[in-house]
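Hi,

Here is the structure I promised to pass on.

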Amino acid sequence: MELPKYMRGAVFWEPNMPLTIEEFHMPRPKAGELLIKTKACGVCHSDLHVMKGELPFASPCVVGHEITGEVAEHGPPTDSKIIERYPIGSRVVGAFIMPCGNCSNCSKGHDDLCEDFFAYNRAKGTLYDGETRLFLRNGGKPVFMYSMGGLAEYCVVPAHALTILPDSLPYTESAILGCAVFTAYGAMAHAAEVRPGDSVAVIGVGGVGSSCLQIAKAFGASDIIAVDVQDDKLQKAKEFGATHTINAIQEDVIAKIREITGGAGVDIAVEALGKPQTFVQCFNCVREGGKAVMVGLTQSGAIGEVDINRLVRKKIQVIGSYGGRARQDLPKLVRLAETGIFNLSNAVSRKYKFEELAQAFHDLNQGNILSRAVIEIM
């Protein structure tokens, strides 16, 4: 299959300016990387934070980091085992944290703390040789990559960030496995270490929060409490496994959670919104010895405050969690979706065409997307 010479991608130029669809030279993968023909890309708040200037990132860049697609090319010289695992035409899903596989953290299995990912991609907008793979068709200007730069017709992904997507799972809905579900799984499995019978509160039940509800249910949590300010999201949360819902505008969240849990508080609370006030709520609603897991990103430099004496005396654990571990966790998430334990179709509430991406991010910014939206690029 001969590749086209050019492709289209969505470019972020500067804060609060609309994304524009531009033409690029066909990106070329290098060693250990694969060129993916993108089929779908999720619409995530992290992209929105970058677009609003709340998270500093190199620009211009192509955003989008939650993808499914088809293997189109292997970067030379790529290991034969990778080529065998991902032959041309393979269906794949990609994780937004793209492990290099070689740094000290990756070698310990901590893919979520990959040193190269943070030093090169998040700090500089490049892959791990310090270079982008994206160049505009007119003039050849380099354009940076937020993760793989998934809001494009093709993207280059390090092979360790990918896993095979079985034929039984659709491209569109499966895109959310790479960030919304991946982030939730990292929070519930590695940070919170949810056990059967645990009580769990999730504050903010958008794409990541609603995925946390499904995974808490899959892990056997007993009381699963969804907290939000939108009644429609709370109604939907019941479908994802919430046993109780709290509208934070109408009720005192801490008092209500204590009432539900017989005065104790929850074993585990997850903050999936990224606001200083919900950070405090998350900390204050866990029981003695409980875990407060912080997942939501916020404006750069924002501070979350905790009561130091409560932290010390009550042995509260405050744990940050950015995402899952691609090589270990992404295949598990595919299996959870394949067996129906994780309901993908229920988790995707809106679909957009590639040309409608500005509308998709507008709707996300307005709070009009119930759980997760996906942009279809195929």
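Accessible areas here come from the Shrake-Rupley method with a 1.4 Å probe, and for residues only the protein chains shown count as cover.

Before you go further: this is a predicted model, in which local features need pLDDT of at least 70 and side-chain atom pairs count only at pLDDT 80 or more, while totals for chains, interfaces and linings use all residues. Residues are numbered from 1 along each chain as its sequence is written, and side-chain values use heavy atoms, with hydrogens and water left out.

The overall picture

The chain has 14 helices and 18 strands (DSSP runs numbered from the N terminus: helices are H or I with at least four residues, strands are E with at least two). Its C-alpha trace spans about 65 × 40 × 35 Å along the principal axes. A compact globule of 378 residues would have a radius of gyration near 21 Å, and the 20 Å of this chain agrees with that; the radius is taken over C-alpha atoms, and the globule rule is 2.2 Å times the number of residues to the power 0.38.

Of the 378 residues, 56% are buried (under 20% relative accessible area; exposed is over 50% and partly exposed is in between, with a 1.4 Å probe and protein chains only). Among contacts with a separation of 6 or more, 70% are between residues 24 or more positions apart, a contact being heavy atoms within 4.5 Å.

The cores

The largest nonpolar core has 114 residues, and I36, V157, I176, M188, L213 and I375 have the most contacts inside it. Helix α6 (residues 180-191) gives this core its largest share, eight residues. There is also a second, separate core of 18 residues, which includes I203, I257, V286 and M294. By nonpolar core I mean a set of buried Ala, Val, Leu, Ile, Met, Phe, Trp, Tyr and Cys residues joined through side-chain atoms within 4.5 Å.

Take I176: leaving aside neighbours within four places in sequence, its contacts include F182, F342, L344, E66 and R372.

The salt bridges

Those last two residues also pair with each other: R372 and E66 form a salt bridge, with the closest N and O atoms 2.9 Å apart. R372 is in strand β18 (residues 372-376) and E66 in the loop between β4 (61-62) and β5 (67-74), so the bridge ties together parts 306 residues apart in sequence. Both R372 and E66 are buried.

In total there are 22 salt bridges (a side-chain nitrogen of Lys or Arg within 4 Å of a carboxyl oxygen of Asp or Glu). R133 bridges to E33, with 2.8 Å between the closest N and O atoms, and R133 and E33 are both buried. Bridges with shared partners join K30, E33, D129, E131 and R133 into one network.

A patch on the surface

V306, I308, V312 and V318 form a nonpolar surface patch with about 330 Å² of accessible area together. Patch residues have over 30% relative accessible area and no salt bridge; like charges are joined within 9 Å, nonpolar side chains (Val, Leu, Ile, Met, Phe, Trp, Tyr) within 5 Å. V306 sits in the loop between β15 (286-294) and α11 (308-313).

Cheers
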